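Here is a protein to look around in, one piece at a time. Keep the picture open while you read.

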Amino acid sequence: MKGMLFVMEEKAKEEDQNTKLDNEHIEKIEELETKKELPESEEEKINKKIFENLVIADVVMLFLYFIALGALNIETNAFLTDLRVFSITLITFAIMLFEYSYRKENGNICIHGIECLVLAIFALISIYLYTLYFKKFHMIVASISFIFAVYYVGKSIIIYRKMKKQYIDSLNDINEIVKK
């Protein structure tokens, strides 16, 4: 009888230990799950960066819309002159962004400079596209506008994923353990 009681007590102790271990594992899993959720400060940083890119996308879309609108309503010679002025202005602005990013050693500003340079190149090419493909010019501008929209949406998605991954990696202490 005492042997059975001893065995039953041992099983009860094992079950208690297993329950404690299970509870500890559940707590650790819940802790890891909460770490995957971003705090408000990190969420704000990410949203600010995405909002900045979406504002730039809106400006680019508005610029391309005005080019398409100008092609409809402005006389050909004046429109071509406007396109030349726009392209020179955009190239100048892109160079200023490159210089500023070089001085500040900021890669994000350099990326904006590259985007501005691509837009300037399109403005320069659009002079010839307008003269060669007058009837299809609106479709060309709409296509370029769509390409820029897809680019900025994709860029925003990549920024969100990258910044979230950086935050989660910063919580991971495995690198510190490996260094020690």
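What follows is a short tour, from the overall fold to a few single residues.

This is a predicted model, where local features need pLDDT of at least 70, side-chain atom pairs count only at pLDDT 80 or more, and totals for chains, interfaces and linings use all residues. Residues are numbered from 1 along each chain as its sequence is written, and side-chain values use heavy atoms, with hydrogens and water left out.

Let's begin with the big picture. The protein has 6 helices and 0 strands, and its elements run α-α-α-α-α-α from the N terminus on. Helices (H or I, at least four residues) and strands (E, at least two) are DSSP runs, numbered from the N terminus. Of the 180 residues, 24% are buried. Here buried means under 20% relative accessible area, exposed means over 50%, and partly exposed is in between (1.4 Å probe, protein chains only). Take contacts (heavy atoms within 4.5 Å): among those between residues at least 6 apart in sequence, 73% join residues at least 24 apart.

Now for the inside. The largest nonpolar core has 26 residues, and Leu64, Ile67, Phe79, Leu90, Leu119, Phe137 and Val141 have the most contacts inside it. Helices H2 (40–73), H3 (76–104), H4 (107–132) and H5 (137–171) each give two or more residues to this core, and H4 gives the most, with 9 residues. A nonpolar core is a set of buried Ala, Val, Leu, Ile, Met, Phe, Trp, Tyr and Cys residues joined through side-chain atoms within 4.5 Å. Zoom in on Phe137: not counting residues up to four places away in sequence, Phe137 touches Ile67, Ala71, Phe79, Ser126, Leu129 and Tyr130.

Helix H3 is worth a look too. H3 has 29 residues and reaches 42 Å from its first C-alpha to its last, close to the 42 Å expected at 1.5 Å a residue. That expected span is 1.5 Å times one less than the number of residues. The buried residues of H3 are Phe79, Leu80, Leu83, Ser87, Leu90, Ala94, Leu97 and Ser101.

After H3 comes Glu105, in the loop between H3 and H4. What is the phi of Glu105 near? Near 55°, a positive value in a residue other than glycine. Most residues other than glycine have a negative phi.

Next, a charged pair. A search of the whole structure finds 1 salt bridge, meaning a side-chain nitrogen of Lys or Arg within 4 Å of a carboxyl oxygen of Asp or Glu. The side chains of Lys155 and Glu115 meet in it, at 2.6 Å, N to O. Lys155 lies in helix H5 and Glu115 in helix H4, so the pair ties together parts that are 40 residues apart in sequence.

| Residue | Relative accessible area | Class |
|---|---|---|
| Asn53 | 2% | buried |
| Glu115 | 8% | buried |
| Lys155 | 14% | buried |
| Leu62 | 45% | partly exposed |
| Glu105 | 75% | exposed |
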